[in-house]
Amino acid sequence: MRKTRGVLIAGNWKMNHGLKETEAYFQELKAKAPAVLGAGHALGSRYQEAFKNGGLQACLAPPALSLAKATAMASDLDFPITIAAQNASWEKKGAFTGELSGPMLQEIGISWVIVGHSERRQLFGETDQTVKMRAESLLQQGFRVILCVGETRAERESGATQDVLFRQLNAAIPAVDAAIAGFLDGRLIIAYEPVWAIGTGLTATPEQAEEAHALIRGFLRDRFGVGAADRTSLLYGGSVTPANIASLLNCPNVDGALVGGG
Ligand code: PGA
């Protein structure tokens, strides 16, 4: 079951790396990455297994300006790296200042989008409703969506973690048939990113991550059945480092990591 989900390592560049830095990053990656990817023993047995059987996927999410350059440079690498947008509109065109549309992303070969990151929710007024509108529209347009959910420190301390995760999932997972079909075919990925762990250096312990991921998988099982729940990759994000990634990836319900940084 785990084999079919493989391992997905995604990097969220946030508002870092303009065009020059993106170019330099990919030049360095071209030179070093085959060796780095292959030497993943530090990332634990789950990673190694995925690397050996072709189940390892890598994804980078640059800022909007750098998406086209990153896509072009990624296509010149000897190994596949998927480029994702950090956000996209639910509308396809029109008067939506500051937004990017699905068709614009598709024009430059992008088919993955992060939706509902906690920085969007906390700093830019993203709500469960707008997260749902983005997820629904983008799934209908054929995108793979990485949907982020996670509780704040106060919510965890008051014992509300499960309620918050289920509320966010219930609110954001689209109910329309086309989107559900996308979800069932594995195009919806869920990233559990506890807000208290993002950019704080406080990582969830493997036990905390596994507990939350098992809750999310249980939610998916109850709502969509075992097959869909088993096909859905669940990523952990929040202060993932080379030192803690192996123990997180070895949790049975953790299928990868969403790694950020300043
Ligand atoms: P972090 O962020 O790795 O910087 O904690 C993860 C994320 O925001 O996706």
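In which strand does Ile-9 lie? Ile-9 lies in strand β1, which covers residues 7–12. Helices (H or I, at least four residues) and strands (E, at least two) are DSSP runs, numbered from the N terminus.

The model is predicted: local features need pLDDT of at least 70, side-chain atom pairs count only at pLDDT 80 or more, and totals for chains, interfaces and linings use all residues. Residues are numbered from 1 along each chain as its sequence is written, and side-chain values use heavy atoms, with hydrogens and water left out.

**Ile-9 and its contacts**

Contact means heavy atoms within 4.5 Å. With neighbours within four places in sequence set aside, Ile-9 is in contact with Tyr-47, Leu-56, Gln-57, Ala-58, Cys-59, Ile-245, Leu-249 and Ala-257. Tyr-47 is 38 residues from Ile-9 in sequence, and the C-alpha atoms of the two are 9.4 Å apart in space.

**The barrel and its helices**

Eight strands form a closed barrel in the order β1-β2-β3-β4-β5-β6-β7-β8, with parallel pairing. From one strand to the next, the twist averages 25°. Two strands pair if DSSP finds at least two bridges between them. Strand β6 (residues 188–192) pairs with strand β7 (residues 234–237) in the parallel sense over three bridges. Within this pair, Ala-191 stands opposite Leu-235 in β7.

Helix α7 (residues 128–140) lies across β4 (112–115), β5 (144–149) and β6, and runs at about 165° to β4. Helix α9 (residues 161–172) packs on the sheet and touches β5 and β6, with its direction at about 150° to that of β5. Axes are lines fitted to C-alpha atoms, for helices over the stretch in contact, and angles run from 0 to 180 degrees between N-to-C directions.

**The ligand**

The ligand is surrounded by 13 residues, the closest being His-117, Glu-193, Gly-199, Ser-239 and Gly-261. A residue is near a molecule if one of its heavy atoms lies within 4 Å of it. This shell divides into four nonpolar, seven polar and two charged residues; Gly counts as polar and Glu as charged.

The table gives polar contacts, which are pairs of N or O atoms within 3.5 Å.

| Residue atom | Distance to a ligand oxygen atom |
|---|---|
| Glu-193, polar side-chain atom | 2.7 Å |
| Gly-199, backbone N or O atom | 2.7 Å |
| Gly-260, polar backbone atom | 2.8 Å |

Taken alone, the ligand exposes 280 Å², and the protein buries 96% of that. Accessible areas come from the Shrake-Rupley method with a 1.4 Å probe.

Technical notes
A polar contact is a pair of N or O atoms within 3.5 Å; within protein, one must be able to donate a hydrogen and the other to accept it, and residues adjacent in sequence count only if both atoms are side-chain atoms.
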